[in-house]
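Open your viewer and keep the selection tool at hand. We will go stop by stop.

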Amino acid sequence: MAFEIGRRQFLTAALGSSALTYGAVRARPVSAQVATSAKIVIIGAGAAGAALANRLSTRLDGAEITIIDARKRHLYQPGFTLIAAGLKPSGYSVTATSDWLPRSVNWIEEGAAEIDPEAKTVTTETGTTVGYDYLVVAAGLKLNYDQIEGMDVSLIGKDGIGSVYASPEAAEATWREMDRFTDEGGVGLFTRPATEMKCAGAPLKYTFLTDDYARRKGNRGKTEIVYAAHSKSLFGVPIVNEKVRMLYDERGFDTRYEHVMKAIDPGRKVATFATPEGDQEIPFDFTNIIPPMSAPDVVRNSPLPWADKWVGEGYVEVDPFTLRHRRYPEVFAAGDVAGVPKGKTAASAKWQVPVVEDQLVAQIEGREGEEVYNGYTSCPLITRVGRAMLIEFDYDNNLVPSFPGVIAPLEELWVSWLMKEIALKATYNAMLRGRA
Ligand SMILES: Cc1cc2nc3c(=O)[nH]c(=O)nc-3n(C[C@H](O)[C@H](O)[C@H](O)COP(=O)(O)OP(=O)(O)OC[C@H]3O[C@@H](n4cnc5c(N)ncnc54)[C@H](O)[C@@H]3O)c2cc1C
């Protein structure tokens, strides 16, 4: 039984120090500045890209650092679940990208359109070509709603269609549909794609939250919850899968395995799933659609992806420990776009970015890098409003709790909920500044 720390004690511990959850406290060693005239290009100014730009601009003296990203809004995506639960407004997840980038970094405000790792250049959407000595790909991943026949983001918030992933506004529209559904009852249909995805716990969390609201409103009796899993399990880490399966049974969810959503008919309120027995239709009154995902086209269509892994999804072929490209040693990847077997969470980015910093700076200095990434992935798995399980694991599916003896990973705790609701954003912001 985990020892629950008191509210006051937790907040003092968490908010009084600058590094909070997400792999616990990682004191940043003071490293000497390295003088260099290296040209470094970072593609993507999201969680991983902004954090790395800050760390490299502090660490390097004289480097020419360019970051390429068209997105003017920085999106704190872990907040989308809270917005879609009616607990935060959409503005909770939105800041300006410019707020997070150091002044010494040159920001090109457009998308990267082409990467040529032989010529060591990146070309932008308007045709500007930028040369590099080192390239860090941190372009996140792409939501492919068009791969679900009949689906379009303009449908989110209408006819029972929700989708927490698309944007903070979509998350808010999803909340309105979920709120209505848990008043009226009917069939709630939840699913996840068969591709790699960011925060694989998010589809599970939202199913739990919808169930919780239906219960709180006294309407669970007229509500059916169907969860369509893409494979034979609910979560990739066996011990976590077993726990979630038990909770799903306890909460009375109708779980269908090996169901992959392929089409939606908003008029009929029916979704079609590919299954081993052929296509099957499931009707819904509310659904949270999570689209297939891939690396952004600029990466997927470049020479950088794995040829024999995640085929068609286009994740960057990096060594899982150093995050250095296996064929182009001056190229690195960080965040969701990295082709590694775990780690598509912001918490993972927090651990990947210092590794890329160390390995890249080591290369500049002509020494071996020391930092390695162990696959750390974290998911505060909300099971009801006010309760969560703080799931943390590595490449080997070992549970690696940040607070052993204090926060038990597989227990539904209030303190784990606070990690998600309060501490996560502060940690995330510290990471963006390169301080965590
Ligand atoms: C609903 C939801 C809930 C989540 N919950 C959690 C959670 O509880 N805990 C957790 O740790 N993580 C969570 N995550 C995952 C987390 O948000 C991501 O893993 C994290 O943001 C990844 O960082 P990134 O830098 O790789 O990608 P992003 O932060 O998405 O940034 C990618 C950047 O690349 C840019 N880009 C894309 N294409 C190009 C291009 N062609 N040229 C230039 N730039 C480009 C984009 O504009 C963007 O700014 C959640 C995500 C979602 C959607």
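This is a predicted model: local features need pLDDT of at least 70, side-chain atom pairs count only at pLDDT 80 or more; totals for chains, interfaces and linings use all residues.

**Stop 1: the ligand shell.** Select the ligand and the residues around it. The shell holds 33 residues, and those coming nearest are A48, D69, A112, D336 and K420. Now colour the shell by class. You get 19 nonpolar, eight polar and six charged residues. Next, show the helices. α2 (47-59), α3 (79-83), α8 and α9 (414-432) each give the shell at least two residues.

**Stop 2: polar atoms at the ligand.** Select K420. One of its polar side-chain atoms sits 2.8 Å from a ligand oxygen. Move to A47, where a backbone N or O atom is 3.1 Å from an oxygen atom of the ligand. Then pick A346. Here, too, a backbone N or O atom lies by a ligand oxygen, at 3.0 Å. How much of the ligand does the protein bury? The ligand taken alone exposes 1000 Å², and the protein buries 93% of that.

**Stop 3: T345.** Select T345, in the loop between β22 (331-333) and α8 (346-365). Is T345 buried or exposed? T345 counts as buried because its relative accessible area is 10%, under the 20% cut-off. Show its side chain together with that of S348: a polar contact of 2.7 Å joins the two. Finally, look beyond the neighbours within four places in sequence. There T345 is in contact with C199, D336, T377 and S378.

Terms used:
Residues are numbered from 1 along each chain as its sequence is written. Side-chain values use heavy atoms; hydrogens and water are left out. Helices (H or I, at least four residues) and strands (E, at least two) are DSSP runs, numbered from the N terminus. Buried means under 20% relative accessible area, exposed over 50%, partly exposed in between (1.4 Å probe, protein chains only). A polar contact is a pair of N or O atoms within 3.5 Å; within protein, one must be able to donate a hydrogen and the other to accept it, and residues adjacent in sequence count only if both atoms are side-chain atoms. Contact means heavy atoms within 4.5 Å. A residue is near a molecule or strand if one of its heavy atoms lies within 4 Å of it. Accessible areas come from the Shrake-Rupley method with a 1.4 Å probe; for residues, only the protein chains shown count as cover. Ala, Val, Leu, Ile, Met, Phe, Trp, Tyr, Cys and Pro count as nonpolar, Asp, Glu, Lys and Arg as charged, and the others, Gly among them, as polar.
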